[in-house]
Every structure is written in C-alpha cells, then in structure tokens.
Amino acid sequence: MRKLGIIGLGNVGALLANLLVARQIVDELVLIDTNSDLAVGLQNDLLDGMSALAVQPTIKVQDYAALKDADAVVLAIGNAELLKEQRFAELTDVGKMMRQIAPQIKQSGFSGVLLNLANPNEAATAYLQYLTELPRPKVIGLGTVLDTARLHRAIADQVHVAPSAVTGFVYGQHDGEAVPIWSTFRINGQPLEKPVMGQKIDPHQSEIQAKLNGWYAIKGQGQDVSGMALWTMRILQAVLSDEQVSFPVALYQPQYQSYLSFAAQLGRQGVGNYTLLPLRPLEEDQLKVAAQNIQDQLNILLELPTED
Ligand SMILES: NC(=O)c1ccc[n+]([C@@H]2O[C@H](COP(=O)([O-])OP(=O)(O)OC[C@H]3O[C@@H](n4cnc5c(N)ncnc54)[C@H](O)[C@@H]3O)[C@@H](O)[C@H]2O)c1
C-alpha cells in the first residue's frame, strides 16, 4: 500500500497529484489546502478522470489525521505571486504557513518522509524540521535536484548525448549559491576534461545555459513546475521503493552544521548514507558561503514574531 499526502494544491501540488494518479504510483492520496474549494475541486476532477485508469487510488481531502500512516508527505505550499518580485520573496510567508501546518502534521502522528518543495528550499526545510521535530533524516527538500538536472541537460546538449549520460551533482543552495561540484561530473563515465567525439566541454558555458533554460521556462509560462513535479515524483519513487540512490536534496549536513543541498542515498528511512566525494578547496569554500546564506534565512524564520 503506497500512501502519500500533498499539502498545498496550487500550480505545483495540483500537477503533482495529477502525475501521481496518472502514473499509478499511489494507492491512497491525501490532499490538503487552506482553500477547501480547491481541494474538493481537485478531488472531483481527479475522480472523474480516474475511471479511465486500471489502478484507482482512494483520494481523501482536508484530513490531517489521515497522514498518520502515509509513507511520505509533500509540502507544496507557497505564494507563486511573490516570486514575480524576487526569488526569495516567499521566505516569511512560507515560514508562517509552516507554523500553521507543522503542529497538525505532528498531531497526526506522521512518521514517514516529509519532502519540502517550498522556497527558499534549504532554509524552509530546516525550519520545517525544527517545527515538526521529526528526525532530521526524515525531513528533506527538493534542494538542487532540479539545478543538477538542468546542468546535465546543458552539458549533454553541448556534445549531443542524452542527459542521462551525464552524472555529477550541484550542491549548496537552490536558486542561490548553487555550487556545481565539477570534479564529480562525468559523461558516460569519462571526466569532463576528456573530449567527447573530439569536442571539448565548456563547463561554464553549460552553467550559463542551464540557468538560461530555467529562465525561459519562467519567462514563457510564468512558472517552472513541470521539471519540479517530475523530479519530485522521482524522489518519491526512491523513497517508496527504498532505492538507496543518491540525489542532491536539501538535508542536514553535519560537516557544515546546517541544512544544505548535498547528495545522499534516499530510501524509506529518508536520508541514508551521505555520498562523500572529494571536494576541491574552492568548492568547500563556496559550500560554506551557501551554508551561511541558509543559516541567515533560517535565523529570520526563527525570529518571526509569535503573534503572526
Ligand atoms: N524548486 C523549484 O524548482 C520550484 C519550482 C516551482 C515552484 N517552487 C516552489 O513551490 C512552492 C509552491 O509553488 P506554487 O507555484 O504551487 O504556488 P501556488 O501559490 O500556486 O500554490 C500554493 C498553495 O499553497 C496553499 N497554501 C498556502 N498556505 C497554506 C497552508 N497553511 N496550508 C495548506 N495550504 C496552503 C495555497 O492555498 C495555494 O493553493 C513555492 O514555494 C515555489 O517557490 C519551487
């Protein structure tokens, strides 16, 4: 029995619910939003379409208690409108939303994996862990998973290979101090320095192109939710099937004493073994800067006035 919850049913949460149902990777789905009409509307829309599917999950709405035995809960709350102002504009709004949600998650007795999609991702994930008091390995964020996928695609495009032929991680801070760990990047197992079919990779050009591709998504559609929803599905599958595959999610990294995007094996336990690759001194310095930025944002959340 695969049971998942989604809290926040805006652009991201609704798309994710549709994908989970259509791809038939969930048996029970719990949908929650402060806007009850939205939750009931999405439930009815999904139920109308589901008779076309061989596997039909049960869908509950607005029921925190039903999260008790969920394998994972995704937090897709936020305020997409604020993103038009600047990339970290959601910080205090997301903090206030989490304050309202966390006690209800706690009260439900939920003990699965909590996956945060809200931004600023690493700081908000740290705050969520603080509020829910769930064990740190159980509270993760999407982190730099999408930044990593974008960079794989940009590198692959330069030398005309499939993005899946490219491996390597971006660490640090999603949308902020993202740090490509160049020493970990490979194309079909070969380091980036080695030409592919006689063509040499320009890593910095691919970094610029990856950012540009993300910008095109937002400029054209006003949002970049498809990549995010599909990678969220990928993480959920790793958790549900206890895959123990490494992804650069937002997690607590003891070496930096902070939540940070860093690769670790994911499975039903949440974070398993960290993927400890040798980092260059410059990369370590950049990660320290990212950890400090995240801590500064977390401090703002920790100091939010209680009456809000
Ligand atoms: N990591 C990425 O690449 C990436 C990409 C796109 C969006 N995001 C982030 O995902 C989050 C969601 O984005 P979106 O576009 O779906 O936002 P949205 O504004 O469309 O939806 C947010 C939803 O959260 C609900 N909500 C607000 N407070 C709540 C509460 N206390 N309890 C339950 N529900 C509540 C709202 O009613 C709304 O339906 C944002 O933080 C956004 O920045 C991240």
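Two strands count as paired if DSSP finds at least two bridges between them. Helices (H or I, at least four residues) and strands (E, at least two) are DSSP runs, numbered from the N terminus.

Before going on, a word on what you're looking at. This is a predicted model, in which local features need pLDDT of at least 70 and side-chain atom pairs count only at pLDDT 80 or more, while totals for chains, interfaces and linings use all residues. Residues are numbered from 1 along each chain as its sequence is written, and side-chain values use heavy atoms, with hydrogens and water left out.

N188 has a phi near 45°, a positive value in a residue other than glycine. At 59% relative accessibility, N188 counts as exposed; the cut-offs are under 20% relative accessible area for buried, over 50% for exposed, and partly exposed in between (1.4 Å probe, protein chains only).

Now for some parallel strands. Strand 4 (residues 72–75) runs parallel to strand 5, and four bridges join them. One of the residues to look for is V74, whose bridge partner in strand 5 is L115. Strand 5 also pairs with strand 6 (residues 139–141), again in the parallel sense, over three bridges. Here L114 has V139 in strand 6 as its bridge partner. To get from strand 5 to strand 6, the chain passes through helix 4 (residues 121–132), and this β-α-β crossover is right-handed. Right-handed means that, with the strands pointing away from the viewer, the path from the first strand over the helix to the second runs clockwise.

Strand 5 (residues 113–116) is covered on both faces: V113 and L115 on one side, and L114 and N116 on the other, are all buried. Follow the chain onward and you reach P120, in the loop between strand 5 and helix 4. The peptide bond from N119 to P120 is cis, with omega near -5°.

Another loop, between strand 3 (58–61) and strand 4, holds Q62. Q62 isn't a glycine, yet it has a positive phi of about 55°. Its relative accessible area is 31%, so Q62 is partly exposed.

Next, which residue does UniProt list for "active site"? The unreviewed entry gives H174. UniProt positions use the numbering used here, feature names are shortened, and annotations may be inferred rather than shown by experiment. H174 lies in the loop between strand 8 (170–172) and strand 9 (178–180). With a relative accessible area of 11%, H174 is buried. Leaving aside residues up to four places away in sequence, H174 touches F88, N119, N121, E122, G143, T144 and D147, where contact means heavy atoms within 4.5 Å. The side chains of H174 and D147 are joined by a polar contact of 2.8 Å. Such a contact is a pair of N or O atoms within 3.5 Å; within protein, one must be able to donate a hydrogen and the other to accept it, and residues adjacent in sequence count only if both atoms are side-chain atoms.

F88 turns up again beside Q297, which touches F88, L91, P120, A123 and Q173, not counting residues up to four places away in sequence. Q297 is in helix 8 (residues 281–302) and is buried, at 9% relative accessible area.

How buried is helix 5? Of its 15 residues, 13 are buried, so helix 5 is largely enclosed by the rest of the structure. Just after helix 5, H160 takes a positive phi of about 55°.

One last stop is S226, in helix 7 (residues 225–240). S226 is partly exposed, with a relative accessible area of 38%. The C-alpha atoms of S226 and L16 are separated by 8.8 Å, although these residues are 210 residues apart along the chain.
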